[in-house]
Amino acid sequence: MSRSELPDTPEVGVAEGEVDYDELEALLGEKVLEREDHVNAGGFVIRPDDVQDVLSTLRHEAGFDHLSNVTAQQYEDRYESIYHLKKYDDPTQEVNVIVPTPTDEPVSESAEPVFRTAEWHEREAYDLVGIEYEGNPDLRRILLPETWTGHPLGGDYDQTKPQVVSLTEHANPLQDDHRVENDNDGTDTMFLNIGPHHPATHGVLHLKTVLDGEQVLDVDPDIGYLHRCEEQMCQQGTYRHQIMPYPDRWDYISAGLLNEWAYARTAEDLADLDVPEYAQIIRTMGAELCRIASHLLALATFALDINGDFTATFMYAIREREKAQNILEDLTGQRLMFNYFRLGGVAWDLPEPREEFFEKTRDFTNGLPAASEEFHNLLTNNEILQARTIDTGVLEPEEAKQYGATGPVARGSGVDYDLRRDDPYGYYDELDWDVVVEDGCDNFSRLLVRMREVEESAKIIDQCVDLLEDWPEEERNIQSNVPRTIKPDPDTEIYRAVEGAKGELGIYIRSDGTDKPGRFKIRSPCFSNLQTLPEMSEGEYIADLIASLGSLDIVLGEVDR
Amino acid sequence: MTAPLQSALMPEQLANWLGLDAYGGAGTFVAGIIASALVATLMLTNAALAGPWAKRKITAAFTDRIAVNRHGPFGLLIIVADAVRLMSKELIVPEGADRPAYDIGPILIAFSALFAFAVIPFGTLGGINFQIADPEIGLVFAFAIASIASVGLVMCGYASNNKYSLLGGLRAVAQNIAYEIPLIVTAASVVIFSESLQMSTIVAAQTETLVTIAGISIPSWYAFVNPFAFVLFLTANLAEVGRNPFDTPEAPTEIVAGYQTEYSSIYFVLIYLGEFVHIFLGGAILAVVFLGGPAGPVLPGLVWMLIKMWAVFLFTQWARSAIPRVRIDQLIEIGWKGLLVLSFANLVLTAVIVGVLTL
């Protein structure tokens, strides 16, 4: 069966909407060496050369069509890769596939033939931990320079020893003749470095592009310029307070609270902490303000990519975003690195006087429809923009799933997947709002999804404000009782995700019995979404490549971590 | 048709006033140099005003900002500050640049834009007729000189030894060829009315009254006589000067800055200057051909001419702030399949109608 053909969603291994792990075990037969239980889902331990068989069975026969994340880690006695599988139809149905490999020969079969998104995830695992994946089409380092020595998250790596990475061993990309090898028709091609410093990369991203005239033959994103060892730093912080400031720095496009929620949700589930309802409402409101701010910036920069540097749309969108930023500043005391969530609640209550805060927030959401109308007039109703974006950067739904695309990118391709609704957390399931899905699969659809999501977020905020306003004064509990030090039981493992501004932002934590995580893995939505870029833009014009990149709305801080 | 209103051109007038005409040809030559210097200074002043200051202020007004306001009144001294800043920057020539083409390119761009102003009738101010020359082929001359800029763009593009420059240069040439033909063909449809390519004659032909409504007589500006041609010309002109929706040759978010990517310091100034003067040249031709040139009530002719040129400049900035950019293939398609066909249809129709009416 080819990768793009999938049978109708099977119901094997499902009992009353829950995953039936016994049935799955029976399905996999003797390939299952052992069963494991993680906090989020059950898991199967398999042999390193059964990876493709097992994942293929789970994907095609049990319907686990979403490879959410690949976590690699080194234990005292073995290496381990964990494939976190989910279903796009129901992400609460999860299964972990655990692949241990011996320390002296960490070689495992690649999952790439089953899930294309595994290519990058396995490259990252190889780069940082040192597991080799046989059959991965392009097993190179992905975040660190090619000349780096050792695998920094591996067990025997000396993290105190500084490393001088010489660039001279690098091949100079400008010197080589980069003509495409299988250039049969004799047409000349041109290799073009787009980035790492380029007006349209929205950060330090390097696209190795091969052009035939103005058309893109091949594009290969080169990432890692903004790698800041976020996972390593989180592993050195204590659960209670020291990790929370880091998520703000992943997706720094004002999506801070959404990121903080990813950690808060994971750690709270890991340590079994409650969050008061009142704090959940505040969290929901703050997170949606962040989503609006983030989407408005995506809209603004997309206008830059399509219109050019002097477009009015950019400033108009920034003007609206500024209002959201001001409200967030009132709420958290910060404009960029909020550090507002705490395990079990939030840092402090709404600012006094509360009426003023509510009024300001309502003014903002009430003004949004008019602003939205303006953006539609400037962008989506403009015929030139339609000519530029409709049917360009096409990402078919099956391709989107293959690459593990989530968030507005998946929803712009007609994949109805939103963790706020499908895997409810916070206060979302109590509120009245809709998941926005467009099935155009093109740049226009992704733009439209973000614009409509801004309106949905405004609806959520309005309802939260109403709830908060009527909340009895004596029940305004912003923080539950949380132990001073959190020490989960050793070898408790959990993978939890929230709907960030760009998609599914997940975190895997393995505790080692101390007050710091043994392994902290971040599943970045931008990392997976960026993988779809070659799929979208090969064969199209260079201008469409830029537009597609803009429509993906990546943040390099989150891609590289 | 009516004779030109002002028969004496600026060089002759100057020669007369300064007593240079006593020296024969040499005197006229000197007077011509002085006249050229005056017109060039006028245009450079306009470009200096537009580039560092007015462009910022206009764009800011469109985009909800304030822009420069700390350097002197209304931030006007930013012009001085920017001039010092740009001139004092290091001139970086990339390795492998093809010289002297790399050096000639920017000079050609600035020169071609300025040179074409030799035939533009600016009208009079204080009795001086601001027009250097008025050849019978004035309109063709202006277009011919202006299109030399394309050569400069190609030189900048390929001589920079930069792939973005190369892409930008190729785009610029493809665009200029695709849009200059409709531009000239549309202008030719106006010549059918005026029966002359001479700038002063075209202006004079537009002074007649078209209709009188409620005591106000509307002059027979060709924008009123043939509004279709006016719109065509305005559109093609946007492409000619490379402003949205046709700013593909520069397209900063796609190909960094196109042909000018590798230029710094004084070369950068020359290219930018050329660009702005070119916009004003487009405005000047538009004003002469469609808006009655320097004609207008109360104010002197030169002032009216400048107002019309600035109006066109304002229009380009408006388009830049509001309209998305088309893709290169769409741009070429619009040029060859749309504008070219429309402009020829306009030419033929105008010719037929004028022929029938004058029979």
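The model is a predicted one, in which local features need a pLDDT of at least 70 and side-chain atom pairs count only at pLDDT 80 or more, while totals for chains, interfaces and linings use all residues. Residues are numbered from 1 along each chain as its sequence is written, and chains are lettered from A and ligands numbered from 1 in the order in which they are written.

Chain B contains 14 helices and four strands, where helices (H or I, at least four residues) and strands (E, at least two) are DSSP runs numbered from the N terminus. The radius of gyration of chain B is 21 Å, close to the 21 Å given by the globule rule for 359 residues, so chain B is as compact as a globular protein of that length; the radius is taken over C-alpha atoms, and the rule is 2.2 Å times the number of residues to the power 0.38. Along the principal axes, the C-alpha atoms of chain B fill a box of roughly 60 × 55 × 40 Å. Of the contacts in chain B with a separation of 6 or more, 75% are accounted for by residues 24 or more positions apart, a contact requiring that the C-beta atoms of two residues, placed from the backbone, lie within 7 Å. B:Val93, located in the loop between helix H3 (78-87) and helix H4 (101-115) of chain B, is partly exposed, with 16 other C-beta atoms within 10 Å. The C-alpha atoms of B:Val93 and B:Ser264 are 8.2 Å apart in space, although the two residues are 171 residues apart in sequence.

Chain A comprises 17 helices and 17 strands, and buried residues make up 53% of its 561 residues. Its mean pLDDT (the predictor's confidence in each residue, from 0 to 100) is 86, with 94% of its residues reaching 70 or more. Over residues 1-7 of chain A, however, the pLDDT is below 50. Chain A is divided into domain 1 (14-134) and domain 2 (230-560), with bounds that come from an automatic or database domain assignment. Between these domains, 19 residues of domain 1 of chain A are in contact with 27 residues of domain 2 of chain A. Strand S5 (residues 66-74) of chain A gives the most to the domain 1 side, with six residues.

Between the chains, 25 residues of chain B are in contact with 27 residues of chain A. The elements giving two or more residues to the chain B side are helix H2 (25-62), helix H11 (252-255), helix H13 (301-322) and helix H14 (328-358) of chain B.

Not counting residues up to four places away in sequence, B:Phe280 touches B:Met43, B:Asn46, B:Ala47, B:Met309 and B:Phe313.

Notes. Buried ≥ 20, exposed ≤ 12 C-beta atoms within 10 Å, placed from the backbone.
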